[in-house]
Amino acid sequence: MVPVHLTPIDDFYIKTLSEIPLKKVLYCGPETAVSKAAQIMRDEKSSCLFVGNNVDNILGVITDITLRDNVLARELSPQSPVSEIMDDKLVAISKEAPVYEALLLMFRTKTRYLLVEERGHYIGVTSRNKILTVQSLSPFVFIQSVKQALDEVELKTKWRQVPGIVDQLIQRGVRAEIINQIISTIADIITLRVIEQVIKKKGEPPAKFVFFVLGSEGRKEQTLKTDQDNAIIYEDKANEQREMVREYFLDFAKTVSDKLNEIGFDYCQGGFMASNPKWTHSLSHWKNNYASWFKESSMETVLSYGTFFDCRPIYGDFSLLDDLKAFMDEQLHYPLERFFYNMAQNSLQYDTQLTWLKNIKTFKVDKEEVFDIKRAMTPIVNAMRLYALANRVFETNTGKRLEILTKREVFKSKESIELFQAYYYLMGLRLEKQAGAIINENKKPVNYIKISQLTQVQLVTIKEIFKVIRDLQLKIRIQFTKSF
């Protein structure tokens with residue numbers, strides 16, 4: 001066999017955290033004085049120090065920035081305990097996770113340090129700067145530059161550069177699921193920057209809130225043709241404050257949405273945006289929404305339930321969304337039979353894009369025979385969501401849902417591999433054609449694939465994929481609708 005020589009960037013996409021050097025978890029007790037903690041950091045030449053009673057009971061973290069912002073800037077006594085100044089938002093990841101995934105997680109959560117765990121125990125820590133020192137990581141250096149963008153004009157310029165990066169990654173053979181995550185992370189960071197700028201202009205919000213995303217961004221499966229899918233949950237307030245709080249968040253959401261549209265994230269045609277009064281509410285109101293959708297379990301309400309199941313927080317108090325998901329988890333313990341029946345019927349309304357003669361179903365756009373690749377992929381997305389709901393799996397990404405469901409023996413190994421390959425083959429083709437339309441044709445990306453641009457091998461592969469999807473839908477029909 002001819003040996004394969006990987007460049008640093010190619011090697012980066014297959015390397016796991018278990019393959020890179022980790023620093024030990026340096027920690028001190030919660031009652032340790034700030035001055036003593038600073039001395040430990042100096043002596044150990046470390047810019048971070050975790051706080052906890054032992055390595056398996058970490059409560060928080062302090063960094064050089066924590067000392068600057070929470071001690072010096074506030075003129076706090078050096079004898080104050082570190083528990084008063086620590087950041088209690090810890091971010092951890094398995095040592096078997098890919099290095100690129102760890103880096104994207106740090107970008108999303110705005111953390112510089114990541115605890116690495118194995119079988120429930122912390123075994124080390126890595127940092128964003130440590131990983132970024134690897135050469136040739138252009139997409140990740142680019143992400144860092146997006147974080148530093150000063151205004152919407154610069155963010156718009158950055159977003160216009162993304163198709164070129166995607167095209168480079170495709171040419172290098174980087175897997176579609178990784179490219180999805182990179183696009184989604186860039187979109188997350190642009191949204192975060194916009195939110196931060198809006199809050200800076202409008203002042204601090206009158207209540208705790210979480211801004212969360214739905215749809216392809218919620219699943220970390222964003223492509224180059226993207227629109228806004230988001231919502232807001234804010235904490236419940238006393239009656240006399242409710243109107244003022246709601247008015248603030250609706251105005252805030254509209255400003256954020258307008259700026260995102262200007263940058264290049266189109267308004268959602270279906271209205272699934274926080275700027276829509278239907279999708280910005282208090283936590284109790286959101287729980288009432290889910291309760292009524294679940295209780296009615298009609299074709300329409302299960303569609304709403306499914307749409308808001310693919311949700312992921314990106315800014316604010318994440319515990320509000322955690323609370324809502326815990327409420328959903330309780331509901332899913334005792335589902336009505338018609339809930340999954342109607343969810344399955346919604347999933348089955350998308351056909352497999354094959355004619356009776358086993359050819360690809362097409363239609364004409366500008367006199368060209370095309371098929372809708374997004375519609376072709378939707379049955380797999382819907383199926384994984386359906387099985388995730390049925391098994392109370394709260395992971396949002398389609399590929400990772402499939403992985404978890406396979407471990408739970410919902411899908412057999414061969415069946416799982418076929419579905420994974422099918423989904424990401426179509427995703428790779430979709431990304432390739434979208435990037436090509438922007439770069440080579442100077443056109444807006446679409447989800448239509450011209451049959452004339454496909455090779456014979458691609459046509460045969462797509463037909464085989466549609467057969468895999470047909471088998472998946474038969475499985476759903478038998479299991480959830482008790483029919484053939």
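One cut-off before we start: a residue is called buried when its relative accessible area is under 20%, and exposed when that value is over 50%. With that in hand, select Ser 297. Ser 297 has a relative accessible area of 1%, so it counts as buried. You'll find Ser 297 in the loop between helix 11 and helix 12. Check its backbone too: phi is positive, about 50°, although Ser 297 is not a glycine.

Keep in mind that this is a predicted model. Colour by pLDDT and you get an average of 91 for the protein, with 96% of the residues scoring at least 70. Now select residues 1-8, where pLDDT stays under 50. Beyond four places in sequence, the model has four contacts for this stretch. Where pLDDT is low, the predicted coordinates should not be read in detail.

Next, jump to Glu 75, in the loop between helix 3 (64-72) and strand 4. Here is another positive phi in a residue other than glycine, near 55°. Is Glu 75 buried or exposed? Its relative accessibility is 72%, so Glu 75 counts as exposed.

Move on to Pro 98, in the loop between strand 4 (92-94) and helix 4 (99-109). Leave aside its neighbours within four places in sequence, and Pro 98 is in contact with Lys 15 and Thr 16.

Now for a helix pair. Show helix 8 (residues 176-202) and helix 17 (residues 413-441), whose axes come within 8 Å and cross at roughly 55°. That angle makes helix 8 oblique to helix 17. To see the contact, select Ala 176, Glu 177, Ile 179, Asn 180 and Ile 183 on helix 8, then Phe 420, Tyr 424, Met 427, Gly 428 and Leu 431 on helix 17. Coloured by type, these contact residues come out as seven nonpolar, two polar and one charged.

Last stop: helix 14 (residues 337-348). At 1.5 Å a residue, its twelve residues should span 16 Å, and the end C-alpha atoms are 17 Å apart, which agrees. Which residues of helix 14 are buried? Select Phe 339, Phe 340, Asn 342, Met 343, Ala 344, Asn 346, Ser 347 and Leu 348. Then bring up what they pack against: helix 11 (283-296), helix 12 (299-307), helix 13 (319-332), helix 15 (373-390) and helix 18 (456-481).

Note on methods: Residues numbered from 1 in each chain as written. Predicted model: local features only at pLDDT ≥ 70, side-chain atom pairs only at ≥ 80, totals over all residues. Heavy atoms only, no water. Helix = DSSP H or I, 4+ residues; strand = E, 2+ residues; numbered from the N terminus. Expected span 1.5 Å × (residues − 1). Buried < 20%, exposed > 50% of the residue type's maximum accessible area, 1.4 Å probe, protein only. Contact = heavy atoms within 4.5 Å. pLDDT = per-residue confidence, 0-100. Axes fitted to C-alpha atoms, helices over the stretch in contact; angles between N-to-C directions. Parallel < 35°, antiparallel > 145°, perpendicular 65-115°, else oblique. Nonpolar A, V, L, I, M, F, W, Y, C, P; charged D, E, K, R; others polar.
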